[in-house]
Amino acid sequence: MIARTGGWIAAALLALAIGIFPYLGDLLDTRFPTSYELRLVMRAMILGIVVIGLNILVGFAGLVSLGQAALMGLGAHAAALLALRADWPFAACLAASVLVPALMGAVLAFPTVRVRALYLTVITIAFGFVFVNVLREWVSFTGGASGLASIPRPTLFGERLMATRAAGFNYYYLIAVCLMLALWVQWALARSRYGRAMRATAESENAARALGINVTATRTLAFAISAGLAGLGGGLFANLALFVNYETFTFSASIELLLMTILGGSGTLAGPVVGTAVLFAASQALQGLQEWQTFAYGALLALVLFLMPEGIVGGLARLRAKLAGRGAQERQTGAWPHFVPGFDALTQDRDEPGQATLITRDLTLRFGGLTAVNMVDMEVRSGTVHALIGPNGAGKSSLLNVVSGFYRASAGTVTLFGQAVKDQPPHVLARLGVARSFQNTELFGRMTVLENVLVGCHIRYQATLAETLLRLPRFLREERERLAEARLLLEVVGLTDFAGEQARNLPFGHQRRLEIARALALRPKLLLLDEPAAGLTHGEIEDLVALIRGLAARGMTVILVEHHVEMIMAVSDRVTVLDHGEVIADGPPEQVQDDRAVIEAYFGHGAPAAQATVPAQ
Amino acid sequence: MAGRLWTVLARRTAMAAAVAGAVALPAAAQRAEPCIGISMEVTGPLANQGLMLRITLETALEKINAAGGVLGRPLRLVIYDDVGEPARAVDNARRIGERDNCVVMFGGARTPNAIALREPLAEMGLPWIGAISAGTAVIEHPNGKNEWMFRVSMKDRWVTGYLIDQAKARSASGKIGFVYEGTAWGQGALPDIEAAARRAGVTLAGRETFNIGDQDMSAQMIRLRDAGVDTIVLWAVDRESANMLRSMDRIGYRPKIVSAWGLTTAFARAVGPLAEGIMVAGTFNWNGPLSPEAQAAFDAMKAKFPDRIRTTADMEQPSAMANAWDAVHMLAEALKIAGAYDRTRLRDAFYRVNYTGLIADYRPAFIKGNQERHDAILAEHYKLQAFHNGMLMPIEATPYGMRN
Amino acid sequence: MEAILQYLLTGLSVGSVYAMVGLGFYVMWSAAKAVNFNFGDIVMLGAVLTVVLMDVGVPLLPACLGAVAAAALLAAAIERGFVRPFNREANAIGWMLTTIAVGTMIESATTALFGSNPRRLETPLVEAPLRIGGSGIYPQELLLPVALLVVAVGLEFFYRRTITGRAMRAVAYNRTAAGLVGIDADRMTLLSFGLAGLLGALSGVLIGPVIQASATMGAIIGLKGFLVAIIAGIANARGVVIAGVLYGVSEKFIEAYLSTAARDAIGFSLMVLLLLLFPQGLFGKAEFKKV
Amino acid sequence: MSAPLLQAEGIRVSYGRIEAVRGVDLHVGAGEFVGVIGSNGAGKSSLMRAIAGVLSPAGGRVAFGGEDTTGQPSHRMVARGLAMVPEGRMIFADQTVRENLLLGGYSRLRSDPQGVAADEDRMLTLFPRLKERLAQEAGTLSGGEQQMLAIARGLLSRPRLLVIDELSLGLAPVILDMLFPVLAQLNKEGLSILLVEQMASYALSVTDRTYVMENGRMLFDGASRELANDPRVLDAYLGRRKAA
């Protein structure tokens, strides 16, 4: 993550450079820039806006669009047609050039991304071809292949928008302002729950759903925003060129936009500007190579991808981190659990004591011919720690996945907090108060430790998208509160010093802690832990036990899938034992521990009777 | 530190802006460089067209420069690739007009690219002379105020009339079909051809189109055949036309074809014997008897590009190459008349050029105040040619001339 | 009636090309969960290299074989150089960009060296069409479905009956397990891309005589082959064959009865619709999302 | 004493910054039957994967047959005579039983096709139930049959050392009662076996020597017969041992 001040200085420098560029010739007393350089910079800024949109899609939400040029074209044609055929004023045309593609984007994305992220790529390719084909053939409306010429020159507040020395540079500055706005949107998104949710869905769809994020809606939003920015670029382009036809918005243009995004460094805030500038400049600079220029372009691209697979900005950031890493200071791992004073306030949401938080009846889950969970009846009382144990493949995790909504039960009922919840998706259950961890920790690896916890706070924001993008008071207040909460949770798990570290770089034990802190950020009433002790050392397990007991003491219900019998004995109020998908024992831990069926299931059929019956304690 | 820099810059900017308001800058723009800028397809599917243009222009300029150049200075050629995209063509025009400060811009192949240039050229005051893009709207602007764009090429509105006449004369059934590619050039010709047909008293028995890259036109050909069309006016380039011929051959449909000049020698190379007898309207043919000037032009190209040009059949864009040859020479004439490398004076000088070229006696080449006559080549200069034995020949040299 | 026959015949031949190219994508995807995104260039090289070899005097058949072999080698080299290093992480998309980059290089180099004009690829099979009433077809085009059948059956045989084919399937199914029985999974992936290259170049050589050889001939074919493979649910060879042929035939009927100019708009819209109706592809199996 | 068949020293395995195996020594002598037991997540599978070349160890050294094989990919290890039956069996579910067996012999199919055919027959004698299912897709087999197939497939490369990871996973006791004697039989015929097993009692009943692993480290090892009566094992296992 780029240091905050560094980012602001870079943005200010960019604004300054763009701002004085038209007058550079007067400052230096040379014939520069001419309308050629001005036009290049304007075209690059327009492409920059489109690429920023694509970066939000690719870099944040992890989706790939190969139809972005078509969406840009949709914006361009919306603006051009409304100006030519309906005499709309420029501002209204520009607004339409954002809204029409954004709507189109939402329509394309919504049915697609719920199935498989890859399909969005395929759909966008197809959309691009359909769009270009329609433009070309609908001669009476779009002008066909000849396009729309003589678009009226835009005026705003009575001013004609131009970009020449003689007439002033107001259109140039309008584009510059739009670019800055796009950068703002990108920045404001990145530092908000929406941007975090996008990155979270890209990193781990499952974990995002478990934290209450509606993955389909998040991806649709990302695509709509990216389409809107593409459209804005298109609208600005139409009013710059005053001529549009399909040839500017073909599949190869879409590819070029994607290349700019990746080359700059997808997911970075400065990447789109850098990538656009470099590739756009390269295509001009390579003109001298004549018939070999396209070849050189491809070769240059391959070379950069080889040298900097994470893009230019990504590569530079890594280099910087490497240089800075030499003198890295020791980070202090805090003791945990550290129930700081504010923590009680975060665990107020709880189920009524003594209630049955979870009831399953005849719960069955089949995969094809395999029955993973077979007619399981189970009841978990609120405020208790309920362990679910059994040998490998007994169906424990499957049961957990049904309860948290990830698998759809084949038969039977699930009642949560007194409410029948069969077939509810995970993000709805999360909003009801179910949080969970995963067997193979599913952290958002490229997000920081603090951001991971903030994603857990996702569902407790009220601020709308508009408030968030404009950074209005309600958003700022909420963000401040959530930030304080997240820091507090990090203190509870002793990771305060690691807040700025990427989650994937944490040691294993710390990753487990973080996952639990993230789940707690949801303020759950029911916490499901899937093998939280796996891979932990003895000391770490003891801390974990203390944490779970502390949570239960505060009224939280905990269901624990675990192998470490020692831990189960220490922490649980009740134990249910599964084998081959069926409940083979259920009761207080001491009773289950000496159950012959349990020992056999775990230890093997040939277990010596003497050992099984003689308690070692 | 940064704050101080900003103050200084802001002050200078403000001052400069004030100066810019008063004085027209930069003064250097008045005098242009002795260079011809061209934006065309150097790469991509029409790269060969660009190559043929380059061969012609470089050879012609070498000849002109060997004779001392124009106004005592040698003319340079600057080539930029537009990848067939209008936005890039405009970038290139700006580069030519502003950065390179060339005195004139030469046109590439594509009609939409030329159309996109209308406004930027007028804004820069940069004369443009085209040798290929034949779209009517390139020269005949909707506002009627074309001041900067000139053409030494065919004009679709005239070509359509010419081809309809040829088709009408050849059709036995009187049923004529029109087949065009789905590009600006093809689509742009459709209203012209319909107007021409009306004028000639012909009703089109079929209108069919296809897209660039299409590989099979069976459906279109079956429809034309079933409509009884016996003569086709074709508006397409080599590759798709070749595929169309294949589709005709498949269903045994052999109408007469009179084509706009998109068909070149490459077409014959692509389909072989199927090209036999297809007629093409053009401005010039290198395979027939050549005037001494034309022979000299060919010899010069052959000498300068020996591995590209061996025989006259290697002049893959015969008409366009002749157009470009004449255009460059008229440009040199106009510069001489202008007496300076000055764009406005060059523009005005174009109207005073009288020149005998390979294609025609241009007297005068262009007429001021009449944008229809910003086209130097008139319909009467068009020549019908036909493929015969794999070569594009003047129609007289083939068995396909009109015999009664 | 005879028009319908015509559409069926030409649809079958062009559909066979889509299917064969789609099979190439299938072979690549099975082995690597990545593809050469600019696979159309391999198709193009099959035809263009044949013309180049014939230019220097190599007779037709050896020229075809040489071209297909060379293109297949190049396809394998692309796997080694541009796919493998960029496909190390799950969900990586680096390979998409690097193969686009190398595709750009191949296409532009071909344009620069071979020229942008279409060239005739002469075979005796396109000299005269076979006529059936008012419709007709070149023998060369009939060769396409035959070749598709041979390729599909051959592929089936290769995957099911030869040890290398079985090893490839093993790699596709589970790379780790394949390694544990002694199969070099990387080598199999390389071979798979070579095999896919073989299919692609072969389809280029076969369609070349009908549509002429040119530097840009492969782009659209490659793209449609890719989409056809996706629509079929990329992990099912028979599905790819059926989807490819069906798409080719339906294109012809769209041209005949709806619109020639808007063929792609209609065809691609149809694809999108199918994809939304059958999210796993027409012939794909529903996959189980593991948590 | 000659060098053991397999010698692993100081093996460390990490996933990113996560250390799953933290410096483990282990050896298997020629003809020996060695077990590794320990609860889930102890690092047993990671250790086996490092030995078999499925992954590269982050540290340490593996020597097989007296040669350093650290970091050799698994397909080379198979050629050297080390085969692994992986956790979860990983049979090729979309291929027939016969094809799975054939692929087991992949490494020597070209040089010794008769040998592979002969071994295939031997496997079918060893696991008669596979014989009935030869033409069936392996995915349709029951769990026990799949495990038999996985073992048979591993044996077809004619290994000197067979590594089996979690034999009992998801299998009913009645199947295990059938499988363990087969392993003992194979060992008696001279095959070295390294068995990773969660169900300690089974492992202890057939192996010569057993390692006990926990949290990425070896706790102790010893003769299986002795360990079978060692309360430390059961304690460690059922978590009755108090952390030191």
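Which pair of chains has the most contacts among the five pairs that touch? It is chains A and B, with contact meaning heavy atoms within 4.5 Å. Chains B and D, on the other hand, do not touch, and their nearest C-alpha atoms are 39 Å apart.

Some housekeeping. This is a predicted model, in which local features need pLDDT of at least 70 and side-chain atom pairs count only at pLDDT 80 or more, while totals for chains, interfaces and linings use all residues. Residues are numbered from 1 along each chain as its sequence is written, chains are lettered from A and ligands numbered from 1 in the order in which they are written, and side-chain values use heavy atoms, with hydrogens and water left out.

I'll take chain D to begin with. It has 10 helices and 10 strands; helices here are DSSP runs of H or I with at least four residues, strands are runs of E with at least two, and both are numbered from the N terminus. The radius of gyration of chain D is 18 Å, close to the 18 Å that the globule rule gives for 244 residues, so the chain is as compact as a globular protein of that length. That radius is taken over C-alpha atoms, and the rule is 2.2 Å times the number of residues to the power 0.38. Along its principal axes, the C-alpha trace of chain D spans about 55 × 40 × 40 Å.

Of the 244 residues in chain D, 61% count as buried, that is, under 20% relative accessible area, with exposed being over 50% and partly exposed in between, using a 1.4 Å probe and protein chains only. Among contacts in chain D between residues at least 6 apart in sequence, 66% join residues at least 24 apart.

One residue in chain D as an example: Met84(D), in strand β6, residues 82-85. Met84(D) counts as buried because its relative accessibility is 4%. Leaving aside neighbours within four places in sequence, its contacts include Met48(D), Ala52(D), Val54(D) and Val163(D), and also Leu180(C) from another chain. The C-alpha atoms of Met84(D) and Leu194(D) are separated by 9.1 Å, although the two are 110 residues apart along the chain.

Now chain B, and helix α12, residues 318-338. Its 21 residues reach 30 Å from first C-alpha to last, close to the 30 Å expected at 1.5 Å a residue; the expected span is 1.5 Å times one less than the number of residues. How many residues of α12(B) are buried? The count is 18 of 21, so to speak mostly covered. Gly339(B) follows the helix, with a positive phi near 75 degrees.

Within α12 of chain B sits Val328(B), which counts as buried at 0% relative accessibility. Beyond its neighbours within four places, Val328(B) is in contact with Leu57(B), Ala60(B), Leu61(B), Ile64(B) and Phe106(B). Phe106(B) is 222 residues away in sequence and 8.9 Å away in space, C-alpha to C-alpha.

Last, helix α21 of chain A, residues 473-492. It has 20 residues and reaches 28 Å from first C-alpha to last, close to the 28 Å expected. Its buried residues include Phe475(A), Glu478(A), Glu479(A), Arg482(A) and Leu489(A). An α-helix has 3.6 residues a turn, so residues three or four places apart point the same way. What covers the buried residues of α21(A) includes α9, α16, α19, α20, α22 and α23 of chain A. Gly494(A) follows α21(A), and its phi is positive too, near 75 degrees.
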